[in-house]
Amino acid sequence: MPSHRRTGVAVLGAGLIGLDLLDKIRRSPLLECRLVAGRNRQTLGLKRAADMGYPTTDGGITALTEAIDVHGIDVVFDASNADSHAEHWRHLEPTNVLLVDLTPSDLGVPIVPTVNGADTLTERHIGLISCGGQAAIPILHTIARHRTPRYVEIVSTGASRSAGRATRLNLDEYIHTTQQAARHFTGAPTAKVLVNISPASVPPPFRVTLTCLVDTPDPETIRSLVAAAAHRVQQFVPGYAVTALETSSDRVTATVEVTVTGRRIPRHAGNLEIINAAAIQAAEMHAGAPLPEGARS
């Protein structure tokens, strides 16, 4: 597809998430990155973005806002941090861009592409919750359609090497936003989220274990629903897999692992892989790509 027909996007933030986003944007047939914005010209992320051939600025959100009409930007990915996101939205709200929030700010409409991706067509400020939320909620939502849970628990484990500075600063926001989303998408009155950052010398894969307390779940129905939900996610996150699934008289427990299938980030950085893949999926739906199966449910 000729580049002039692609949707123009900008990336705000040039950390681990921002750099992987650039790689995924480059591979997208519908998106074209027209600006990478940071706040320090000397940061490694901005230097790498420039080396990749992208226009860059160290003027942050102010410079990005001024560039929207000049560069034809329709979508902005906020890959900075939760504390800054409210200010970024204040700058961008008067414009017509779609703001895709990859921070756990809990400000935009929460989106999980295979669950409510259709909302991307009508909203201008969407939030991708967290990496743990993107991994767990497709499974939790499908279980909740079978039986509404009384309680939901999400335990995320990721490698220290794939948890950047913004992730560490925003752990409280991560927990709060993921809990809110778990309740929203399942109807459970109570949700709990735990996060483990592993310093192991051999980095573990990104792993999320979720537990639902439900009344008399049917094992065969649960197995079928979970397999279908995982298949939908795998259409844009090939390294997504349900590695364990157990049911009893009053609970369902599942474990999801996400491994990286690309080359720019290490295989264990599935936390970056899933939230960035969800961001690209949301932007491509906004640009006119078909909705994923289940996205209107």
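Which residues in α6 meet which residues in α9? In this predicted model, residues are numbered from 1 along each chain as its sequence is written, local features need pLDDT of at least 70, and side-chain atom pairs count only at pLDDT 80 or more, while totals for chains, interfaces and linings use all residues. Side-chain values rest on heavy atoms, with hydrogens and water left out.

From α6, the residues P138, I139, T142, I143 and H146 meet T221, I222, L225, V226, A229, A230, R232 and V233 of α9, where contact means heavy atoms within 4.5 Å. By class, this contact has nine nonpolar, three polar and one charged residues; Ala, Val, Leu, Ile, Met, Phe, Trp, Tyr, Cys and Pro count as nonpolar, Asp, Glu, Lys and Arg as charged, and the others, Gly among them, as polar. Helices α6 (residues 131-146) and α9 (residues 219-234) pack at an angle of about 145°, and their axes are 9 Å apart. Here axes are lines fitted to C-alpha atoms, for helices over the stretch in contact, and angles run from 0 to 180 degrees between N-to-C directions. The crossing of α6 and α9 is right-handed (the near helix is turned clockwise from the far one by less than a right angle). Helices (H or I, at least four residues) and strands (E, at least two) are DSSP runs, numbered from the N terminus.

Turning to the sheet, seven strands in the order β3-β2-β1-β4-β5-β7-β6 form an open, parallel arrangement. Because β3 (56-57) and β6 (109-110) stand at the edges with a single partner strand each, one side of each is left without a neighbour in the sheet. Two bridges join β6 to the parallel strand β7 (residues 125-127), pairing being defined by at least two DSSP bridges. V109 has I126 in β7 as its bridge partner.

One cavity of 30 Å³ or more is found in the whole structure. On a 1 Å grid over the protein atoms alone, a cavity is a set of points where a 1.4 Å probe fits but cannot get out, and a pocket is an open set with protein on both sides within 12 Å along at least five of seven lines; lining residues have an atom within 4 Å of a point. The largest cavity holds about 40 Å³ of space, a volume being the space filled by probe spheres set on the points, which are joined across faces, edges and corners. Its lining includes P138 and V233, and divides into eight nonpolar, two polar and no charged residues.
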